[in-house]
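The following exercises concern one structural model. Please work through each task before reading its solution.

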Amino acid sequence: PVVWLPSDNQPCPGQCLDLTYFGFIDESLESSCVCDYAKLHASHDKLDDAYRFGIATIIGVWGMFLSALFLLVNFACQFSHTKREKEYIRRLTFKQFVGV
């Protein structure tokens with residue numbers, strides 16, 4: 001195993017995992033460089049699981065996007081249909097009152 005100490009602002013060695021590149025991980029400088037092989041192997045297994053489930057997640061998000069798009073188009077069509085019916089009823093009632 002590689003021993004790395006965060007002294008003199010030395011970068012993380014190439015065979016280690018440097019977590020400072022990921023802005024969403026809030027780690028101190030001492031624990032941001034992972035050099036333990038067992039930890040690297042465990043993180044690789046978790047990354048494989050996340051990648052495998054990520055594809056299904058992207059497909060699910062795409063399906064929800066298409067469903068939302070379909071609902072928006074449906075609501076727009078219903079609105080225009082209702083507006084057209086309102087105009088038709090207004091013209092129909094206006095003609096009835098004019099003819100009286």
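**Exercise 1. Identify the salt bridge that involves Asp49 and characterise its setting.**

Solution. The side chains of Asp49 and Arg52 form a salt bridge, with an N to O distance of 3.4 Å. The criterion is a side-chain nitrogen of Lys or Arg within 4 Å of a carboxyl oxygen of Asp or Glu. This is a predicted model, in which local features need pLDDT of at least 70 and side-chain atom pairs count only at pLDDT 80 or more, while totals for chains, interfaces and linings use all residues. Residues are numbered from 1 along each chain as its sequence is written, and side-chain values use heavy atoms, with hydrogens and water left out.

Next, consider the spacing: Asp49 and Arg52 are separated by about one helical turn because they are 3 residues apart in helix H1. Helices (H or I, at least four residues) and strands (E, at least two) are DSSP runs, numbered from the N terminus. Asp49 has 32% relative accessibility and therefore counts as partly exposed. The classes are buried (under 20% relative accessible area), exposed (over 50%) and partly exposed (in between), with a 1.4 Å probe and protein chains only.

Finally, Arg52 also lies over the face of Phe53, 4.9 Å from the ring centre. Such a placement requires NZ of Lys or CZ of Arg within 6 Å of the ring centre and within 35 degrees of the ring normal.

**Exercise 2. Determine how many salt bridges the model contains, and describe the one made by Glu87.**

Solution. The count is 2 salt bridges. Glu87 meets Arg90 through their side chains, at 3.2 Å from N to O. Both residues lie in helix H1, 3 residues apart, which is about one turn of the helix. Glu87 is partly exposed, at a relative accessible area of 34%, and Arg90 is likewise partly exposed, at 49%. In general, side chains of opposite charge can pair when their charged atoms come close.

**Exercise 3. Summarise the chain as a whole, then locate Gln15.**

Solution. The protein chain has 1 helix and 2 strands, in the order β-β-α from the N terminus. Of its 100 residues, 9% are buried. Its accessible surface is about 9100 Å², with 67% belonging to carbon and sulfur atoms. Gln15 is found in the segment before strand S1 (17-18) and is partly exposed at 49%. The C-alpha atoms of Gln15 and Tyr37 are 9.6 Å apart, although 22 residues separate them along the chain.

Terms used. Accessible areas come from the Shrake-Rupley method with a 1.4 Å probe; for residues, only the protein chains shown count as cover.
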